[in-house]
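My entries follow the model below.

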Amino acid sequence: TEAWFFPLSIAAGVTSVRDMGGSLSRIREWKSPPKPGVLRPTIIAPGLIVTGPVADTDSRLARVSTPAEGQRVVDALLDRGVDFIKVHDWLNRDTYLAVAAQARRRGSYIAGHLPIAVDPADAVRARQRSIEHMGSGWAGLLLFASQDRSVLDSVSKWASSATGPSDLIKHFTPRWQRHLADSFSPGRARALCAQLARGGVWLTPTTYFSAYLTLMPLDAAIVRDPRLNYLPREIRDLTQYVVPSGRFSRAARNSANVRVYETRALLIRICRNAGVQFLAGTDTGPYGPMIPGFSLHDELERLVADGFKPIEALRAATINPARFFNASDTTGSVRVGKRADLVLLDANPLTSIRNVRRINAVVVGGELLTADIRQRMLDSLTYAYR
(Lines give C-alpha, C1' and ligand atoms only; values in the text may rest on other atoms or scores of the structure.)
Protein backbone atom coordinates (compact mmCIF):
# COMPACT_ATOMS: atom_id res chain seq x y z
CA THR A 1 0.00 0.00 0.00
CA GLU A 2 3.00 2.34 0.22
CA ALA A 3 2.46 3.67 -3.33
CA TRP A 4 -0.72 5.42 -2.27
CA PHE A 5 -0.60 5.41 1.54
CA PHE A 6 2.52 7.55 1.79
CA PRO A 7 1.62 10.32 -0.72
CA LEU A 8 -1.93 10.56 0.65
CA SER A 9 -0.67 10.91 4.22
CA ILE A 10 1.75 13.65 3.26
CA ALA A 11 -0.77 15.48 1.05
CA ALA A 12 -3.14 15.54 4.02
CA GLY A 13 -0.46 17.07 6.25
CA VAL A 14 0.27 13.87 8.20
CA THR A 15 4.05 13.77 8.50
CA SER A 16 4.36 10.91 11.02
CA VAL A 17 2.44 7.64 11.25
CA ARG A 18 2.20 4.97 13.92
CA ASP A 19 1.66 1.69 12.14
CA MET A 20 -0.11 -0.85 14.37
CA GLY A 21 0.81 -4.07 12.65
CA GLY A 22 2.32 -4.68 9.25
CA SER A 23 5.17 -6.08 7.24
CA LEU A 24 8.15 -6.99 9.40
CA SER A 25 10.36 -7.05 6.31
CA ARG A 26 9.87 -3.29 5.79
CA ILE A 27 10.91 -2.16 9.28
CA ARG A 28 14.60 -1.56 8.57
CA GLU A 29 13.87 0.27 5.30
CA TRP A 30 11.33 2.53 7.02
CA LYS A 31 13.86 3.35 9.72
CA SER A 32 16.59 4.27 7.23
CA PRO A 33 16.71 7.74 5.63
CA PRO A 34 14.56 7.87 2.47
CA LYS A 35 16.32 7.84 -0.87
CA PRO A 36 16.66 11.16 -2.72
CA GLY A 37 13.34 12.17 -4.25
CA VAL A 38 11.33 9.78 -2.07
CA LEU A 39 8.79 11.38 0.27
CA ARG A 40 7.38 9.38 3.13
CA PRO A 41 6.17 10.09 6.64
CA THR A 42 8.20 9.12 9.66
CA ILE A 43 7.01 5.64 10.65
CA ILE A 44 6.85 4.06 14.11
CA ALA A 45 5.97 0.38 13.89
CA PRO A 46 5.73 -2.90 15.86
CA GLY A 47 5.96 -5.32 12.94
CA LEU A 48 3.82 -8.33 13.79
CA ILE A 49 0.85 -8.29 16.17
CA VAL A 50 1.27 -10.52 19.22
CA THR A 51 -1.91 -12.45 19.97
CA GLY A 52 -3.12 -15.80 21.22
CA PRO A 53 -4.17 -18.92 19.28
CA VAL A 54 -7.02 -17.82 17.05
CA ALA A 55 -8.57 -18.86 13.74
CA ASP A 56 -7.64 -15.72 11.83
CA THR A 57 -5.85 -15.70 8.48
CA ASP A 58 -4.25 -12.28 9.03
CA SER A 59 -0.60 -12.67 8.02
CA ARG A 60 0.46 -9.96 10.48
CA LEU A 61 -0.30 -12.13 13.54
CA ALA A 62 2.27 -13.81 15.77
CA ARG A 63 0.30 -16.39 17.78
CA VAL A 64 1.57 -17.42 21.21
CA SER A 65 0.00 -19.71 23.81
CA THR A 66 2.38 -19.57 26.78
CA PRO A 67 4.44 -16.97 28.63
CA ALA A 68 7.65 -18.54 27.34
CA GLU A 69 6.45 -18.35 23.73
CA GLY A 70 5.44 -14.76 24.26
CA GLN A 71 8.85 -13.80 25.62
CA ARG A 72 10.61 -15.43 22.67
CA VAL A 73 8.45 -13.54 20.18
CA VAL A 74 9.14 -10.25 21.98
CA ASP A 75 12.89 -10.89 21.74
CA ALA A 76 12.64 -11.84 18.07
CA LEU A 77 10.66 -8.72 17.19
CA LEU A 78 12.87 -6.32 19.13
CA ASP A 79 15.96 -7.95 17.57
CA ARG A 80 14.45 -7.05 14.19
CA GLY A 81 14.28 -3.38 15.20
CA VAL A 82 10.59 -2.81 15.95
CA ASP A 83 9.68 0.26 18.01
CA PHE A 84 7.27 -1.43 20.44
CA ILE A 85 5.17 -4.57 20.91
CA LYS A 86 1.56 -4.60 19.70
CA VAL A 87 -0.76 -6.78 21.84
CA HIS A 88 -4.12 -8.07 20.69
CA ASP A 89 -7.44 -9.60 21.70
CA TRP A 90 -6.68 -13.28 22.14
CA LEU A 91 -3.71 -13.23 24.54
CA ASN A 92 -4.38 -15.02 27.81
CA ARG A 93 -3.61 -13.07 30.99
CA ASP A 94 -0.37 -14.85 31.98
CA THR A 95 1.08 -14.58 28.50
CA TYR A 96 0.05 -10.93 28.24
CA LEU A 97 1.83 -10.08 31.51
CA ALA A 98 4.91 -12.04 30.41
CA VAL A 99 5.01 -10.22 27.06
CA ALA A 100 4.76 -6.86 28.83
CA ALA A 101 7.48 -7.77 31.35
CA GLN A 102 9.85 -8.95 28.62
CA ALA A 103 9.27 -5.80 26.59
CA ARG A 104 10.13 -3.70 29.65
CA ARG A 105 13.28 -5.75 30.30
CA ARG A 106 14.33 -4.98 26.74
CA GLY A 107 13.70 -1.26 27.19
CA SER A 108 10.47 -1.26 25.18
CA TYR A 109 6.74 -1.32 25.96
CA ILE A 110 3.39 -2.71 24.84
CA ALA A 111 0.50 -0.92 23.16
CA GLY A 112 -2.62 -2.10 21.39
CA HIS A 113 -5.92 -3.70 22.31
CA LEU A 114 -6.98 -4.62 25.81
CA PRO A 115 -7.09 -8.43 25.40
CA ILE A 116 -10.42 -10.01 26.30
CA ALA A 117 -8.87 -11.96 29.20
CA VAL A 118 -7.20 -8.85 30.64
CA ASP A 119 -8.73 -6.10 32.78
CA PRO A 120 -7.67 -2.44 33.14
CA ALA A 121 -5.86 -3.15 36.42
CA ASP A 122 -3.69 -5.65 34.52
CA ALA A 123 -3.01 -3.05 31.83
CA VAL A 124 -1.82 -0.60 34.49
CA ARG A 125 0.27 -3.33 36.14
CA ALA A 126 1.80 -4.22 32.76
CA ARG A 127 2.45 -0.52 32.03
CA GLN A 128 0.64 -0.72 28.72
CA ARG A 129 1.36 2.63 27.14
CA SER A 130 -1.81 3.01 25.07
CA ILE A 131 -5.12 1.24 24.53
CA GLU A 132 -6.62 1.53 21.04
CA HIS A 133 -10.30 1.72 20.03
CA MET A 134 -11.33 2.23 23.68
CA GLY A 135 -10.30 -1.37 24.33
CA SER A 136 -11.09 -3.54 21.34
CA GLY A 137 -13.84 -4.39 18.89
CA TRP A 138 -15.63 -6.37 21.60
CA ALA A 139 -17.02 -3.49 23.70
CA GLY A 140 -13.65 -3.05 25.42
CA LEU A 141 -13.58 -0.60 28.31
CA LEU A 142 -17.37 -0.24 28.25
CA LEU A 143 -17.55 -3.70 29.84
CA PHE A 144 -15.76 -2.38 32.92
CA ALA A 145 -18.09 0.61 33.21
CA SER A 146 -21.18 -1.59 33.42
CA GLN A 147 -22.91 -2.05 36.75
CA ASP A 148 -23.92 -5.56 35.64
CA ARG A 149 -21.05 -8.02 36.03
CA SER A 150 -22.82 -10.49 33.73
CA VAL A 151 -22.07 -8.22 30.77
CA LEU A 152 -18.33 -8.74 31.23
CA ASP A 153 -18.73 -12.39 32.12
CA SER A 154 -20.75 -13.08 28.98
CA VAL A 155 -18.01 -11.78 26.68
CA SER A 156 -15.35 -13.77 28.55
CA LYS A 157 -17.49 -16.90 28.21
CA TRP A 158 -18.12 -16.40 24.51
CA ALA A 159 -14.44 -15.68 23.82
CA SER A 160 -13.29 -18.81 25.65
CA SER A 161 -15.27 -21.01 23.26
CA ALA A 162 -15.01 -18.94 20.07
CA THR A 163 -12.58 -20.06 17.40
CA GLY A 164 -12.09 -16.57 16.02
CA PRO A 165 -13.61 -13.16 15.33
CA SER A 166 -16.39 -14.39 13.04
CA ASP A 167 -17.49 -16.87 15.70
CA LEU A 168 -17.47 -14.27 18.47
CA ILE A 169 -19.24 -11.44 16.67
CA LYS A 170 -22.52 -13.36 16.36
CA HIS A 171 -23.10 -13.01 20.12
CA PHE A 172 -23.25 -9.20 20.05
CA THR A 173 -26.95 -8.96 19.31
CA PRO A 174 -29.00 -5.72 19.43
CA ARG A 175 -30.58 -6.89 22.69
CA TRP A 176 -27.15 -7.41 24.26
CA GLN A 177 -25.95 -4.03 22.99
CA ARG A 178 -28.93 -2.25 24.51
CA HIS A 179 -28.25 -3.90 27.83
CA LEU A 180 -24.59 -2.86 27.62
CA ALA A 181 -25.65 0.77 27.15
CA ASP A 182 -28.44 0.67 29.74
CA SER A 183 -26.17 -0.84 32.41
CA PHE A 184 -23.55 1.91 32.05
CA SER A 185 -22.56 3.31 35.46
CA PRO A 186 -21.07 6.83 35.55
CA GLY A 187 -19.58 6.01 38.95
CA ARG A 188 -17.82 2.90 37.68
CA ALA A 189 -16.71 4.85 34.60
CA ARG A 190 -15.14 7.57 36.76
CA ALA A 191 -13.30 4.96 38.84
CA LEU A 192 -12.08 3.22 35.68
CA CYS A 193 -10.86 6.43 34.08
CA ALA A 194 -9.12 7.54 37.28
CA GLN A 195 -7.32 4.20 37.37
CA LEU A 196 -6.10 4.63 33.78
CA ALA A 197 -5.00 8.21 34.45
CA ARG A 198 -3.01 7.22 37.55
CA GLY A 199 -1.39 4.38 35.62
CA GLY A 200 -0.37 6.63 32.74
CA VAL A 201 -2.33 4.61 30.17
CA TRP A 202 -3.16 6.67 27.09
CA LEU A 203 -6.28 6.14 24.98
CA THR A 204 -6.64 6.21 21.20
CA PRO A 205 -10.42 6.22 20.53
CA THR A 206 -10.26 5.81 16.69
CA THR A 207 -13.85 7.05 16.85
CA TYR A 208 -14.42 7.79 13.17
CA PHE A 209 -13.83 4.22 12.04
CA SER A 210 -14.25 2.07 15.14
CA ALA A 211 -17.54 3.65 16.17
CA TYR A 212 -18.93 6.27 13.78
CA LEU A 213 -18.73 4.29 10.53
CA THR A 214 -19.68 1.00 12.17
CA LEU A 215 -22.37 2.12 14.63
CA MET A 216 -24.00 5.34 13.52
CA PRO A 217 -26.59 6.07 10.80
CA LEU A 218 -24.83 7.57 7.80
CA ASP A 219 -25.56 9.71 4.79
CA ALA A 220 -25.21 7.82 1.50
CA ALA A 221 -22.91 10.62 0.33
CA ILE A 222 -20.10 8.83 2.13
CA VAL A 223 -19.90 6.24 -0.65
CA ARG A 224 -19.67 9.05 -3.22
CA ASP A 225 -16.78 10.81 -1.45
CA PRO A 226 -14.57 12.12 -4.29
CA ARG A 227 -11.51 11.31 -2.18
CA LEU A 228 -12.20 7.64 -2.88
CA ASN A 229 -10.78 8.28 -6.36
CA TYR A 230 -7.32 8.45 -4.79
CA LEU A 231 -7.54 4.75 -3.90
CA PRO A 232 -7.03 1.67 -6.09
CA ARG A 233 -10.31 0.30 -7.44
CA GLU A 234 -10.19 -2.91 -5.40
CA ILE A 235 -9.69 -0.85 -2.22
CA ARG A 236 -12.50 1.63 -2.81
CA ASP A 237 -14.84 -1.21 -3.80
CA LEU A 238 -14.64 -2.46 -0.22
CA THR A 239 -16.55 0.63 0.93
CA GLN A 240 -19.90 -1.11 0.37
CA TYR A 241 -18.94 -3.76 2.94
CA VAL A 242 -17.53 -1.34 5.51
CA VAL A 243 -20.63 0.91 5.30
CA PRO A 244 -23.47 -1.27 3.96
CA SER A 245 -26.58 0.44 2.59
CA GLY A 246 -28.57 -0.51 5.71
CA ARG A 247 -26.58 2.19 7.51
CA PHE A 248 -28.36 4.85 5.41
CA SER A 249 -31.91 3.89 6.40
CA ARG A 250 -34.24 5.79 8.72
CA ALA A 251 -34.40 2.71 10.97
CA ALA A 252 -30.64 2.96 11.62
CA ARG A 253 -31.26 6.11 13.65
CA ASN A 254 -33.04 4.11 16.35
CA SER A 255 -30.78 1.05 16.41
CA ALA A 256 -28.99 -0.31 19.46
CA ASN A 257 -25.76 0.77 17.75
CA VAL A 258 -26.64 4.42 18.37
CA ARG A 259 -27.04 3.81 22.10
CA VAL A 260 -23.67 2.07 22.26
CA TYR A 261 -22.02 4.95 20.35
CA GLU A 262 -23.49 7.56 22.69
CA THR A 263 -22.42 5.57 25.76
CA ARG A 264 -18.93 5.16 24.35
CA ALA A 265 -18.71 8.91 23.71
CA LEU A 266 -19.77 9.53 27.33
CA LEU A 267 -17.01 7.23 28.59
CA ILE A 268 -14.47 9.13 26.50
CA ARG A 269 -15.59 12.45 28.01
CA ILE A 270 -15.40 11.03 31.55
CA CYS A 271 -11.86 9.77 30.89
CA ARG A 272 -10.85 13.14 29.45
CA ASN A 273 -12.19 14.89 32.56
CA ALA A 274 -10.31 12.42 34.77
CA GLY A 275 -7.00 13.42 33.19
CA VAL A 276 -6.45 10.51 30.79
CA GLN A 277 -4.24 11.54 27.87
CA PHE A 278 -5.47 10.96 24.31
CA LEU A 279 -3.91 10.24 20.93
CA ALA A 280 -5.69 10.87 17.63
CA GLY A 281 -5.66 7.62 15.67
CA THR A 282 -7.63 6.48 12.63
CA ASP A 283 -7.32 2.68 12.30
CA THR A 284 -6.91 3.39 8.59
CA GLY A 285 -6.50 0.20 6.59
CA PRO A 286 -6.62 -0.89 2.96
CA TYR A 287 -10.35 -0.39 2.51
CA GLY A 288 -12.68 2.47 1.66
CA PRO A 289 -14.00 4.83 2.84
CA MET A 290 -10.85 5.26 4.94
CA ILE A 291 -8.49 7.62 3.11
CA PRO A 292 -4.93 7.62 4.53
CA GLY A 293 -4.06 10.99 6.02
CA PHE A 294 -7.42 12.54 5.27
CA SER A 295 -9.10 10.18 7.73
CA LEU A 296 -7.24 12.04 10.48
CA HIS A 297 -9.25 15.14 9.52
CA ASP A 298 -12.40 13.02 9.89
CA GLU A 299 -11.22 11.74 13.28
CA LEU A 300 -10.52 15.22 14.64
CA GLU A 301 -14.00 16.33 13.60
CA ARG A 302 -15.57 13.37 15.41
CA LEU A 303 -13.60 14.13 18.57
CA VAL A 304 -14.91 17.69 18.55
CA ALA A 305 -18.45 16.53 17.73
CA ASP A 306 -18.29 14.27 20.80
CA GLY A 307 -17.15 16.95 23.22
CA PHE A 308 -13.47 17.74 22.74
CA LYS A 309 -12.48 21.35 22.33
CA PRO A 310 -10.70 22.02 19.01
CA ILE A 311 -7.43 22.66 20.87
CA GLU A 312 -7.76 19.31 22.65
CA ALA A 313 -8.30 17.48 19.37
CA LEU A 314 -5.32 19.23 17.80
CA ARG A 315 -3.11 18.36 20.75
CA ALA A 316 -4.10 14.71 20.37
CA ALA A 317 -2.57 14.80 16.87
CA THR A 318 0.53 16.94 17.56
CA ILE A 319 1.91 17.69 21.02
CA ASN A 320 0.51 14.57 22.67
CA PRO A 321 2.16 12.12 20.24
CA ALA A 322 5.46 13.96 20.65
CA ARG A 323 5.22 13.44 24.41
CA PHE A 324 3.99 9.86 24.09
CA PHE A 325 6.98 8.88 21.95
CA ASN A 326 9.43 10.88 24.10
CA ALA A 327 10.21 12.92 20.98
CA SER A 328 9.48 16.43 22.26
CA ASP A 329 13.10 17.40 21.63
CA THR A 330 12.66 16.91 17.87
CA THR A 331 8.95 17.38 17.12
CA GLY A 332 5.63 18.56 18.53
CA SER A 333 6.27 22.30 18.25
CA VAL A 334 7.69 24.82 15.78
CA ARG A 335 11.18 25.75 16.97
CA VAL A 336 14.65 26.23 15.53
CA GLY A 337 16.49 22.91 15.53
CA LYS A 338 13.42 20.67 15.48
CA ARG A 339 12.46 18.43 12.58
CA ALA A 340 10.98 20.46 9.72
CA ASP A 341 7.64 18.64 9.52
CA LEU A 342 4.81 21.17 9.30
CA VAL A 343 1.34 21.66 7.91
CA LEU A 344 0.33 25.25 7.09
CA LEU A 345 -3.37 26.13 7.02
CA ASP A 346 -5.37 28.91 5.38
CA ALA A 347 -7.82 29.22 8.28
CA ASN A 348 -7.77 28.88 12.05
CA PRO A 349 -8.66 25.35 13.29
CA LEU A 350 -9.44 26.77 16.73
CA THR A 351 -12.38 28.59 15.15
CA SER A 352 -13.58 25.46 13.35
CA ILE A 353 -11.87 22.09 13.42
CA ARG A 354 -12.93 21.64 9.79
CA ASN A 355 -10.25 24.15 8.90
CA VAL A 356 -7.63 21.40 9.25
CA ARG A 357 -8.78 20.51 5.72
CA ARG A 358 -7.80 23.94 4.39
CA ILE A 359 -4.16 23.12 3.76
CA ASN A 360 -1.96 25.75 2.17
CA ALA A 361 1.30 23.78 2.17
CA VAL A 362 3.09 20.89 3.82
CA VAL A 363 6.74 20.69 4.82
CA VAL A 364 8.06 17.15 5.27
CA GLY A 365 11.69 16.49 6.10
CA GLY A 366 12.46 20.11 5.25
CA GLU A 367 10.94 19.90 1.75
CA LEU A 368 8.20 22.38 0.89
CA LEU A 369 5.14 20.99 -0.88
CA THR A 370 3.05 23.87 -2.19
CA ALA A 371 -0.64 23.61 -3.03
CA ASP A 372 0.26 22.96 -6.68
CA ILE A 373 2.64 20.14 -5.79
CA ARG A 374 0.11 18.55 -3.43
CA GLN A 375 -2.58 18.72 -6.09
CA ARG A 376 -0.28 17.06 -8.63
CA MET A 377 0.37 14.26 -6.13
CA LEU A 378 -3.37 13.70 -5.74
CA ASP A 379 -4.06 14.00 -9.47
CA SER A 380 -1.42 11.38 -10.23
CA LEU A 381 -3.17 8.92 -7.91
CA THR A 382 -6.54 9.66 -9.48
CA TYR A 383 -5.04 9.03 -12.92
CA ALA A 384 -3.26 5.85 -11.87
CA TYR A 385 -6.39 4.36 -10.31
CA ARG A 386 -9.00 5.76 -12.70
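I call a residue buried under 20% relative accessible area, exposed over 50%, and partly exposed in between, with a 1.4 Å probe and protein chains only. The model is predicted: local features need pLDDT of at least 70, side-chain atom pairs count only at pLDDT 80 or more, and totals for chains, interfaces and linings use all residues. Residues are numbered from 1 along each chain as its sequence is written, and side-chain values use heavy atoms, with hydrogens and water left out.

**Entry one: cysteines**

I searched the whole structure for disulfides (cysteine sulfur pairs within 2.5 Å) and found 1. Cys 193 and Cys 271 form the bond, with sulfur atoms 2.2 Å apart. I looked up where the two partners sit. Cys 193 belongs to helix H9 (residues 186–198) and Cys 271 to helix H13 (residues 256–273), so the pair links distant parts of the chain, 78 residues apart. Helices here are DSSP runs of H or I with at least four residues, strands are runs of E with at least two, and both are numbered from the N terminus.

I then asked: buried or exposed, for Cys 271? Cys 271 is buried, at 0% relative accessibility. Cys 193 is buried too, with a relative accessible area of 0%. The S-S torsion is about -70°, so I noted the disulfide as left-handed.

**Entry two: strands**

I found an open sheet of 3 strands in the order S9-S10-S11, with antiparallel pairing. Strands pair if DSSP finds at least two bridges between them. The edge strands are S9 (342–345) and S11 (367–369). Strand S10 (residues 359–364) pairs with S11 over 3 bridges. Val 364 stands opposite Glu 367 in S11.
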